[in-house]
Every structure is written in C-alpha cells, then in structure tokens.
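Hi,

Here is the structure I promised to pass along. Have a look at it first, and my notes on what turned up follow below.

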Amino acid sequence: MKAIGFNQPRAIDDIHALEDIQLDLPSPGPRDLLVSVQAISVNPIDTKLRQRPLEQPGYRVLGFDAAGIVEAVGSEVENFKAGDRVWYAGSAQRQGSNAQYQCVDERLVSRKPDSLGMQEAAALPLTALTAWEALEDQLGFRPGECQGKTLLIIGGAGGVGSIAIQLAARYFGLTVIATAGREQSANWCDAMGAHHLVDYRQPLQPQLDAISDGQMDGIFVTQNLDDYWQAACQAVAPLGGICAIVDARGPLDLNPLKPKSARFSWEFMFTRPLFGRRMQQQGDRLAELATLVDKGVIQTTVSEGLGPINANNLKEAHRRLESGSTIGKLVLAGWE
C-alpha cells in the first residue's frame, strides 16, 4: 500500500523529510478496524514527532486524523462492519493515518457525520477531542450548565481553538473570549462563535477588564504556555482553572494560583490510548460530535484543502504549520 513516512528527523525543506513509500497491508487485531483512509488532516504533533529520533529502524508513518471506510474488522469487534464510514484520531503508539490503510482500535472510532464529506470530516477528530476533554475533564465544565461562566481561549484561530470556540459557546453554553491578532484570524474566531475578541499582541488584562470583571472561570491555552502563564494566573478567577496543551519550556511557578484556590491541568488527547484508560469515551464523544454536526450546531474547521495525500502535499502542510500562522485545519484527500 502507499504511505508517507520518514526514517530519521530532518528539517521540512530536506527532500527526504517525508517520503512516498510502499508498506505491507496491516492486519487488524481482535478489536481493530482496518480502515481505507480517504482523507486526513495535519496537526502540530505531526511536525513535532517528525523531528524526533525513531526508537527503532524503519519508517514511521504519522497522521492522527482520518476519515475513511471500514475495510475489515477484528474477531472481537462488535460495533462496526465493513463499509461503515468512520472518523477518528487514533493512537500515537501505532502507525498513523498517512497511509492508504490503517488499523485503529474500535473504541477510538465513531461513524462520521452524514452531512460532511470525507475531507470536511477529517479536520475535526483530534482537535475536537482535545477541546472537549479540556473543557469537561480538565476545567470541569458541563454542557448546558455554564450560564454566566466565562472562558478565555488563547489561540482562538488555530485548529484546537477553532473547535473549542464552537463547543464552548454552542454546546457548553459558555461566554467565550478568544485571542487573535490579524484581521483574518479575528474574522475566523468571530465566525466560529466567539462572543468577544482580544488582541494577544497587547496586554490581556486591561482588555478583559473592559469586557467583564476580568476574571475568567476557565482559561484554555492552546499556544506556548510560557508566553501567557503570568497573564493567565492574573486573569483566572478564584476557584477557576487553567488548562494547557503545549509543553512548557521550563518549570511553572504555581504559587500565584494558591490564593485563588485555582487549578492547573494538562490536556493530552493521547493519554487514554497510551494507558488504556476509558478509551471508549473518545469513540462516544466522536459519536456525539457527529450528531452535533448533523444538527448544524458544530461546523467543520477546514481552512484549505491541499490536494491528494502524497509526500509533497504533506510537506507543504508541515511547512505551513511550522510557520505558526495557519488558521483552522489543513486537509488532504484521495490518493493518486
């Protein structure tokens, strides 16, 4: 089968950074689905893993968002059959979705929304699960029980921020404030459903004070935590919480949170498959997300399609992500 992989870390402009390769067709385990991958999207974790040394010889296949068609199922699979049209984010411990066929545990999968094509569907799983887990599991918000509560999303126009705005505002019922810089980013956040926008290039607290009392019940940091840690500690409300998804460059001083009894937590979408904990929750949430999409509550976050799935187009996606200026999600669909 066709796949795109790498065999050692290289800069994205290196001709061998990502290569078109041929691999054997994988065989599904007892709880696996063998999926014919129709579309993928690219996430920052792809670019980070591409720059890490491999633990064993051979080619690593990246990719953690996919929409496709079930080709075969393992002996213990109960909820899917060949021909089902599915979406998922998968596991960081297995070969990824940048291949014509991929094996994925059925507990991490759901049927994709009927109202979305493969390309539009592939944009959502990883970022939606990240945002949902951050909002509910880490920050403690409950859908429909958030009236009068405020959420600050730092990095509103990125892939995670785009879906976090929608889930927080349209499903959880939070008042959402999002950071943006460029006019294009601000317009995108507005379209996603943000109630207020603040300019991250300016001090945040005066802008937040002008919107409300300046104290946020939750703060979701989707960009470099070190750059916003002090501002987040100042803006978080007493008994509120801060959640982040990007590694800190150094130790964090948690002492400013003590007088407020505020909490800090990490969100890592791959924790459940990594440790085998409550994996079915991800499949269940993707199923609920599919329902929200088909009802028109949530929309896809595709910003651009880059063409078929091959090494050249995938390198372009990595290059754009590494520039730090992408909006929404970049997707690839189909094979040549």
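Setting aside neighbours within four places in sequence, Ile 211 has contacts with Ile 177, His 196 and Val 198. Please keep in mind that this is a predicted model. You will find Ile 211 in helix H6, which covers residues 204-211. Its relative accessibility is 29%, so Ile 211 counts as partly exposed, since buried would require under 20% and exposed over 50%. Leu 197 is 14 residues away from Ile 211 in sequence, and their C-alpha atoms are 9.4 Å apart in space.

Something for the surface, too: Phe 268, Leu 274 and Phe 275 make up a nonpolar patch there, and together they have about 310 Å² of accessible area. Phe 268 sits in the loop that runs between strand E13 (263-266) and helix H8 (271-275). With a relative accessible area of 41%, Phe 268 is partly exposed.

Now for the chain as a whole. The protein chain has 10 helices and 15 strands. Its radius of gyration is 20 Å, close to the 20 Å from the globule rule for 336 residues, so the chain is as compact as a globular protein of that length. Along the principal axes, the C-alpha atoms fill a box of roughly 60 × 45 × 35 Å. Of the 336 residues, 55% are buried. The chain exposes about 14400 Å², with carbon and sulfur atoms supplying 46% of that area. As for contacts between residues at least 6 apart in sequence, 70% join residues at least 24 apart.

Conventions. Residues are numbered from 1 along each chain as its sequence is written. This is a predicted model: local features need pLDDT of at least 70, side-chain atom pairs count only at pLDDT 80 or more; totals for chains, interfaces and linings use all residues. Side-chain values use heavy atoms; hydrogens and water are left out. Patches are made of residues with over 30% relative accessible area and no salt bridge: like charges are joined within 9 Å, nonpolar side chains (Val, Leu, Ile, Met, Phe, Trp, Tyr) within 5 Å. Accessible areas come from the Shrake-Rupley method with a 1.4 Å probe; for residues, only the protein chains shown count as cover. A salt bridge is a side-chain nitrogen of Lys or Arg within 4 Å of a carboxyl oxygen of Asp or Glu. Helices (H or I, at least four residues) and strands (E, at least two) are DSSP runs, numbered from the N terminus. Buried means under 20% relative accessible area, exposed over 50%, partly exposed in between (1.4 Å probe, protein chains only). The radius of gyration is taken over C-alpha atoms; the globule rule is 2.2 Å times the number of residues to the power 0.38. Contact means heavy atoms within 4.5 Å.
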